[in-house]
Amino acid sequence: MYPIEQVEALNPEVTRMVVRAPEIAKKIKPGQFIMLRIDEQGERIPLTMNDCDAQAGTVTIIFQAVGATTMRLARMKAGDALLDFAGPLGNPTELAGAKRACVIGGGLGTAIAFPQAKWLHDNGCEVDVITGFRNKDLVLLEDEINQHSTRQIIMTDDGSNGNKGLVTQALQRRIDEGADYDLVLAVGPVIMMKFVAATTKPYGIKTYVSMNPLMIDGTGMCGGCRVKVGDEYLHACVDGPDFDGHLVDFDDAMRRGVMYRSFESAAREGRDC
Ligand code: NAD
């Protein structure tokens, strides 16, 4: 069993959870994920690492209570335990060698973008972090990002923080101002990652996107997490989750992402599918 050490609501939708998992904490790197299962009846869900502490033996995850399992997870408390917590899975993000990076987080994606920004900043890279939220009450990790970035730009869809606009508008503005990025990383809604990649493409800036398609086993066996990249289908779990944003077929990913909506709603509402 994997004891839960801390649970904290970051906003009305999002929870931060610290889990004791010493073997994973020693090895996990930015961009990698774990698969967890609450109990014998539970479904397996992938969650990308937000932070880890090898000395304390803990891994931090941040999740949005959107489905049956994440809603159950959000009700768990410190002292409870998870049955399975398997990882690290997937490949670490390729960060070495970057000198001037822009890390972009859309909504909850900010939680996953954070360890990349932290690694880059701690390793001497100049890092702009651009995050976007629907409104100011949903802003995540502002203090943590301030500590681990050169510059933080927070955008809100409704302008309630005084900075109205999408993350792509802030990115375009920074490029126009002369920010000479050699790497852009984007984590967030697929539609956001599509437009981030479209923004950087004319400038030839290397752009990685973190794909989170439906996933069942996380080890390449089920084939559920196929992503079309260039001419081939790759698996987010073993080939990703990061891919070259200029090659990903985002429209295909969006089509696949809604295939099981009715099953997901039924599970959330406790109905039979
Ligand atoms: P959201 O819908 O509130 O969007 C967050 C931000 O993304 C917006 O504020 C905006 O700045 C930007 N954005 C949205 N649409 C855009 C567009 N068309 N063009 C440019 N920018 C756009 O996000 P949410 O409700 O917090 O949901 C989080 C999303 O992140 C979910 O879709 C979830 O699946 C995804 N996510 C992805 C990963 C991953 O690994 N890729 C991890 C966690 C969450």
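Helix α6 gives the largest share of the shell around the ligand, four residues. The model is predicted: local features need pLDDT of at least 70, side-chain atom pairs count only at pLDDT 80 or more, and totals for chains, interfaces and linings use all residues. Residues are numbered from 1 along each chain as its sequence is written, and side-chain values use heavy atoms, with hydrogens and water left out.

The ligand is surrounded by 22 residues. A residue is near a molecule or strand if one of its heavy atoms lies within 4 Å of it. The closest are G107, F133, R134, D157 and S210. By class, the shell holds eleven nonpolar, nine polar and two charged residues. Here Ala, Val, Leu, Ile, Met, Phe, Trp, Tyr, Cys and Pro count as nonpolar, Asp, Glu, Lys and Arg as charged, and the others, Gly among them, as polar.

Polar contacts are pairs of N or O atoms within 3.5 Å; within protein, one must be able to donate a hydrogen and the other to accept it, and residues adjacent in sequence count only if both atoms are side-chain atoms. A polar side-chain atom of D157 lies 2.7 Å from a ligand oxygen. A polar backbone atom of L108 is 3.2 Å from an oxygen atom of the ligand. For P189, a backbone N or O atom lies 3.4 Å from a ligand oxygen. The ligand taken alone exposes 860 Å², of which the protein buries 79%. Areas come from the Shrake-Rupley method with a 1.4 Å probe; for residues, only the protein chains shown count as cover. Two or more shell residues come from each of α3 (109–122), β9 (126–133), α5 (167–176) and α6 (190–200). Helices (H or I, at least four residues) and strands (E, at least two) are DSSP runs, numbered from the N terminus.

N50 lies in strand β4 (residues 45–53). At 3% relative accessibility, N50 is buried. Buried means under 20% relative accessible area, exposed over 50%, partly exposed in between (1.4 Å probe, protein chains only). A polar side-chain atom of N50 lies 2.9 Å from the backbone oxygen of A111. Beyond neighbours within four places in sequence, N50 is in contact (heavy atoms within 4.5 Å) with T60, I61, I62, A111, F114, P115 and L141.

Strand β5 (residues 58–64) has six of its seven residues buried, so it is largely enclosed by the rest of the structure. Strands pair if DSSP finds at least two bridges between them. β5 pairs with β2 (residues 14–20) in the antiparallel sense over seven bridges. V19 stands opposite V59 in β5. β4 and β5 run antiparallel, joined by four bridges, and D51 stands opposite T60. The two strands β4 and β5 form a hairpin with four residues between them. In its turn, G57 has a positive phi of about 75°.
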